[in-house]
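Here is a short report on one protein chain. Look at the sequence and the structure first, then read on.

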Amino acid sequence: MDPMKAPAQDELLESSSRMLALIPELLKGLYRLRHLHSKDHECDLTFNQLSILFQLRLAKSLTMGELSKNLDIELSNATQMVDRLHKLDYLKRTPDTRDRRVVRISLTNKGNDITGHYYEIHLSAMMKTLDQIEPQRRAILTHCLETLHGILNELPAAN
């Protein structure tokens with residue numbers, strides 16, 4: 001084995017291990033941020049429900065297949081979550097204009113309002129958090145997260 005590769009492999013192993021431990025903690029922290037900075041808790045949506053609503057906010061409308069693929073979840077799970085959000089009047093189902101057999105899902109006015117509300121809460125919380133990091137380190141962090149996202153986004157979807 002190349003003696004120069006051993007330290008690089010050790011560093012890679014250490015970094016990977018630290019990141020795997022940090023990621024769930026970061027997600028929990030981000031979830032807590034939402035509650036700390038929210039002025040109200042009138043809507044207590046789960047992470048997955050918010051993910052669906054934000055996917056629809058970005059895409060305007062999606063089919064169930066597109067939604068489950070985007071979120072990397074089983075179609076049956078996506079359908080159950082969509083049913084719950086539909087009952088709460090956050091989204092609507094409409095026939096596709098090109099193929100009436102296909103149903104498209106989009107946000108209602110209430111869904112648009114709640115995603116706007118949560119976006120503002122998340123943005124404010126993130127700004128308060130990132131304000132504690134000096135600008136140069138923030139830029140590096142942002143670059144690293146974008147790079148990691150790009151790499152992970154290239155992975156094939158789970159079946």
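In which helix does Met19 lie? Met19 lies in helix H1.

## The model and its layout

This is a predicted model, in which local features need pLDDT of at least 70, side-chain atom pairs count only at pLDDT 80 or more, and totals for chains, interfaces and linings use all residues. Residues are numbered from 1 along each chain as its sequence is written, and side-chain values use heavy atoms, with hydrogens and water left out.

The protein chain has six helices and three strands. Helices (H or I, at least four residues) and strands (E, at least two) are DSSP runs, numbered from the N terminus. Along the sequence, the pattern reads α-α-β-α-α-β-β-α-α. The protein chain has 159 residues, and 23% of them count as buried. Buried means under 20% relative accessible area, exposed means over 50%, and partly exposed lies in between (1.4 Å probe, protein chains only).

## A nonpolar patch

Met19, Ile23, Leu27, Leu30 and Met126 make a nonpolar surface patch of about 430 Å². Patch residues have over 30% relative accessible area and no salt bridge; like charges are joined within 9 Å, and nonpolar side chains (Val, Leu, Ile, Met, Phe, Trp, Tyr) within 5 Å. The areas come from the Shrake-Rupley method with a 1.4 Å probe, and for residues only the protein chains shown count as cover.

Helix H1 (residues 5-37) gives the most to this patch, with four residues. Met19 has a relative accessible area of 47%, so this residue is partly exposed.

## The largest pocket

The largest pocket has a volume of about 2,500 Å³. Of its 45 lining residues, the closest to the centre are Leu27, Leu30, Phe47, Leu145 and His149. H1 gives the largest share of the lining, eleven residues. The lining divides into 29 nonpolar, ten polar and six charged residues.

Some terms need their rules. On a 1 Å grid over the protein atoms alone, a pocket is an open set of points with protein on both sides within 12 Å along at least five of seven lines; lining residues have an atom within 4 Å of a point. Grid points are joined across faces, edges and corners, and a volume is the space filled by probe spheres set on the points. Ala, Val, Leu, Ile, Met, Phe, Trp, Tyr, Cys and Pro count as nonpolar, Asp, Glu, Lys and Arg as charged, and the others, Gly among them, as polar.

## Salt bridges

How many salt bridges does a search of the whole structure find? It finds six. A salt bridge is a side-chain nitrogen of Lys or Arg within 4 Å of a carboxyl oxygen of Asp or Glu. One of them joins Arg104 and Glu66 (3.5 Å, N to O). Arg104 lies in strand E3 (residues 103-107) and Glu66 in helix H3, so the pair ties together parts that are 38 residues apart in sequence. Arg104 is buried at 17%, whereas Glu66 is partly exposed at 33%.

Arg93 forms a salt bridge with Asp83, with the closest N and O atoms 2.3 Å apart. Arg93 sits in strand E2 and Asp83 in helix H4, ten residues apart.

## Positive phi in two loops

Most residues other than glycine have a negative phi. Lys60 has a positive phi of about 75° although it is not a glycine. Lys60 is in the loop between H2 and strand E1 (61-63), and is exposed at 61%. Asp89 also has a positive phi, near 65°. Asp89 lies in the loop between helix H4 (75-87) and E2.

Key. 1 Å grid on protein atoms, 1.4 Å probe; cavity = no way out; pocket = protein on both sides within 12 Å on 5 of 7 lines; lining within 4 Å.
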